[in-house]
Amino acid sequence: MAKYLLVYYGGMVASTPAAQKKSMDAWMGWFGKLGKAVVDMGTPTMPGKTVRSSGVRATGKDPVTGYSIIKADSLNDAVEMAKGCPSIPEGGT
């Protein structure tokens, strides 16, 4: 099995404690369905910078908002697992 890095873009941060709990429950439920395929649940990320040989600049309009690491038999299998990501219905990718 290979490891795959799931990189999250966008999505919405819940504005109330009840909505935050609902969101966290959705994420934990999805990770539970993935089971032993989850290598590292990852974490949300903060806005960052892009570093290049020509200099440093702010990230674009679609910054990375989090990551996870999973293992799967193939890229296609990893894509199928990723389709259940809870941020997708909220506009994330």
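The legends below describe close-up views of a predicted model.

**View A. Helix 1 and its length.** Helix 1 takes in residues 17-34, and its 18 residues, counted at 1.5 Å a residue, should span 26 Å, which agrees with the 26 Å that separates its end C-alpha atoms in the predicted model. Just after helix 1 comes Gly35, whose phi is positive, at about 55 degrees.

**View B. The buried side of helix 1.** Five residues of helix 1 are shown here as buried, namely Ser23, Trp27, Trp30, Phe31 and Leu34. They cover an arc of only 100 degrees around the axis, and therefore lie on the same side of helix 1. The elements against which the buried residues of helix 1 pack are strand 1, strand 2 (38-44), strand 5 (64-72) and helix 2 (75-82).

**View C. The opposite face of helix 1.** Turned away from the buried side of helix 1 is a face that carries the exposed residues Pro17, Ala18, Lys21, Lys22, Gly32 and Lys33. Of these, Lys21 has a relative accessible area of 52%, and it counts as exposed because the cut-off for that class is over 50%.

View D. The side chains of Asp25 and Lys21 are joined by a salt bridge, with a distance of 2.8 Å from N to O. Both Asp25 and Lys21 belong to helix 1, where they are 4 residues apart, a spacing of about one turn of the helix. The two partners fall into separate accessibility classes, since Asp25 is partly exposed at a relative accessible area of 43%, whereas Lys21 is exposed at 52%.

**View E. The salt bridge between Lys83 and Glu80.** The structure holds 2 salt bridges, and the one shown in this view is formed by the side chains of Lys83 and Glu80, at 2.9 Å from N to O. Lys83 is exposed, its relative accessible area being 55%.

View F. Leu5, Val7 and Val64 together make a nonpolar surface patch of about 230 Å². Leu5, one of the residues of this patch, is located in strand 1, which comprises residues 2-9. The relative accessibility of Leu5 is 56%, so this residue counts as exposed.

Technical notes:
Residues numbered from 1 in each chain as written. Predicted model: local features only at pLDDT ≥ 70, side-chain atom pairs only at ≥ 80, totals over all residues. Heavy atoms only, no water. Patch = residues over 30% accessible without salt bridge, like charges linked within 9 Å, V, L, I, M, F, W, Y side chains within 5 Å. Areas by Shrake-Rupley, 256 points an atom, 1.4 Å probe, with all protein chains shown as cover. Salt bridge = Lys/Arg side-chain N within 4 Å of Asp/Glu carboxyl O. Helix = DSSP H or I, 4+ residues; strand = E, 2+ residues; numbered from the N terminus. Buried < 20%, exposed > 50% of the residue type's maximum accessible area, 1.4 Å probe, protein only. Expected span 1.5 Å × (residues − 1). Arc of directions from axis to C-beta. Contact = heavy atoms within 4.5 Å.
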